Amino acid sequence: MDDARNWLDIDSFYGSGQSHIGAPSTATEDSGRIAQFGCLQIFRLHAVLFCFFIGVSWCLHPAEAVGVPETFSLYLVSIRGAFSGIGRLVTGYIVDMLGPVNVSVPMTVSMVLLTFLWPLARTQSSLIAIAALYGFTSGTYIATFQMPAYTLGDIEDVGRRAGMMMTFAAFGAIAGPPISGAIYQASGSFAGVGYYAALAATTVIVHPLVLLSVADHHARSISRGSHKRVIGVLLGQDNGKTINVANSFGIPFEEDEKDSKTWFLDHNYIEGMYEMFKKVNARERMIGWYHTGPKLRASDQEINELFKRFVARPVMVIVDVRPQTVGIPTDAYFAVEEIKDDGTETRKTFLHVPSAIEAEEAEEIGVEHLLRDIKDSTTTTLATRVAEQLASLRGLQSRLSDVQKYLVDVAAGTMPVNHQIVYHLQDALNLLPDLADPAATQSFAASTNDQMLVVYLSSLLRAVIALHGLVDNKSTIGRAEVEEAKEKEKEKRKTSEKKEKETSKNEGEQKGL
């Protein structure tokens with residue numbers, strides 16, 4: 001068996017509807033099955049069980065919140081259960097033809113997508129449709145829940161694999177509904193519960209190229225001291241739980257500072273630029289838009305609706321370009337509809353999602369070269385280097401102060417211990433040399449002396465070469481001046497001889513007359 005086999009090919013490897021329980025296996029096959037089993041369960045249980053248990057626990061309350069009678073909302077449980085039973089029965093026949101994983105993965109993904117649609121259901125018919133589809137997909141999920149545990153290994157190891165699956169399921173079952181209740185109590189709406197179930201693990205990754213492009217766009221378009229903002233398009237890949245923002249371009253935008261509802265955005269320019277970007281890199285698709293805020297504004301919802309013409313789920317990223325900004329300068333949002341429990345009209349709002357700054361190797365090298373080449377033309381090179389060293393030392397002092405404060409708080413019991421931070425601190429301390437050891441101190445001194453000797457010899461050699469160049473240049477200039485004086489003397493002689501000939505000729509002509 002190929003260890004690098006994609007886990008989506010499990011069913012094609014084992015065959016459709018065939019069981020391999022008790023079949024002999026090698027150590028290589030066992031390791032490959034364990035890896036595939038782990039990837040499959042992390043995907044299905046860690047990412048999906050929040051959605052499953054939230055849907056099971058909170059399906060009635062949104063129906064009552066949008067005005068559906070309580071007597072009818074109880075039937076949603078029956079509808080969900082009936083279609084769940086159909087899903088469980090039909091799944092057995094489909095699994096025999098396609099295999100358990102090929103059925104389980106699409107259905108669990110569909111269940112996740114239904115959690116996106118759940119907050120948008122505001123009528124009786126839409127709630128019935130959501131309950132029926134959710135029941136069918138959840139029934140399929142339950143029917144195929146334990147099947148991978150039996151197909152991915154020998155019969156003697158089924159208990160351990162089943163225990164692993166139930167352990168993952170326990171985290172989702174215990175944590176999902178209580179967190180949903182906390183969100184409902186904090187927001188007063190069931191929409192946040194649905195969006196939490198669907199967007200809980202969504203992360204927006206912004207590349208340094210985008211930050212540089214946005215900062216350049218703002219610096220070229222907006223004068224200093226102005227509170228105007230710039231707007232542009234974000235390009236990249238939307239992978240579901242991870243949105244990769246790899247590129248961007250600015251667009252013409254005007255906004256009335258007194259009336260935020262009055263604005264102009266050239267969407268024809270967006271279409272033209274996007275077509276040209278697709279010719280350069282077809283992998284980068286339009287995924288949303290950005291502005292330099294630095295906060296949300298009243299017109300953001302209208303602009304976001306305009307971008308829905310190009311992308312179904314646009315992400316909005318606010319990039320704070322102010323130089324005094326500390327920390328990550330990006331905030332990512334998705335537009336959602338908030339459903340009021342009192343039956344009043346829904347309103348659109350933005351849901352904040354986590355964002356991060358990540359770079360590929362080529363981008364890291366480019367940013368390092370860019371920072372290295374930036375110089376202040378008003379100061380000397382030595383002053384610039386000293387200023388950079390001071391800034392580095394201040395940054396190091398700030399980091400050490402944070403570490404010291406954290407350790408003091410942990411020792412005093414005011415802050416819990418984070419073992420991951422402690423591990424990193426221990427690794428950093430292990431890299432430091434033991435200066436109390438005389439042998440280590442002597443070794444460092446000898447190494448430093450050797451390096452300084454090389455620097456000293458290099459400086460002497462550079463001085464000798466510079467003096468040699470100076471003497472050579474002086475002698476060359478002296479020889480050139482002597483040659484130039486000789487040439488001038490020859491020209492003077494020629495001029496005087498010519499004048500004497502002309503004078504004698506004129507005198508002869510006068511005597512002849």
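Predicted model: local features only at pLDDT ≥ 70, side-chain atom pairs only at ≥ 80, totals over all residues.
Visitor: What makes R220 and D216 a salt bridge?
Guide: The cut-off is 4 Å between a side-chain nitrogen of Lys or Arg and a carboxyl oxygen of Asp or Glu. The side chains of R220 and D216 meet at 2.8 Å, N to O, so the pair qualifies as a salt bridge.

Visitor: Why are R220 and D216 separated by about one helical turn?
Guide: Because the two are four residues apart in helix α10.

Visitor: Why is R220 called exposed, and what is D216 called?
Guide: Exposed means over 50% relative accessible area, and buried means under 20%. R220 has 70%, so R220 counts as exposed. D216 has 36%, so D216 falls in between and is partly exposed.

Visitor: How do you know that α10 has the span expected of a helix?
Guide: Helix α10, residues 208–221, has 14 residues. From first C-alpha to last, α10 reaches 20 Å, close to the 20 Å expected at 1.5 Å a residue. Helix α15, residues 419–431, reaches 19 Å, close to an expected 18 Å.

Visitor: Which salt bridges link distant parts of the chain?
Guide: One of them joins D238 and R313, with the closest N and O atoms 3.2 Å apart. D238 lies in strand β2 and R313 in the loop between α12 and β7, 75 residues apart. Another joins K348 and E305 at 2.9 Å. K348 is in strand β9 and E305 in helix α12, 43 residues apart. Both distances fall within 4 Å, so both pairs are salt bridges.

Visitor: Are K348 and E305 buried or partly exposed?
Guide: K348 has a relative accessible area of 40% and E305 has 29%. Both values lie between 20% and 50%, so each residue is partly exposed.

Visitor: What makes a set of residues a nonpolar core?
Guide: Its members must be buried nonpolar residues joined through side-chain atoms within 4.5 Å. The largest such core here has 19 residues, and V233, I251, L265 and F307 have the most contacts inside it. Elements giving two or more residues to this core include β2, β3 and α11. A second, separate core of 16 residues includes L211, I243, V315 and V319.

Visitor: Which residues does I251 touch?
Guide: Leaving out residues up to four places away in sequence, I251 touches H217, I231, G232, V233, L265, Y269, I270 and F307.

Notes: Residues numbered from 1 in each chain as written. Heavy atoms only, no water. Buried < 20%, exposed > 50% of the residue type's maximum accessible area, 1.4 Å probe, protein only. Contact = heavy atoms within 4.5 Å. Expected span 1.5 Å × (residues − 1).
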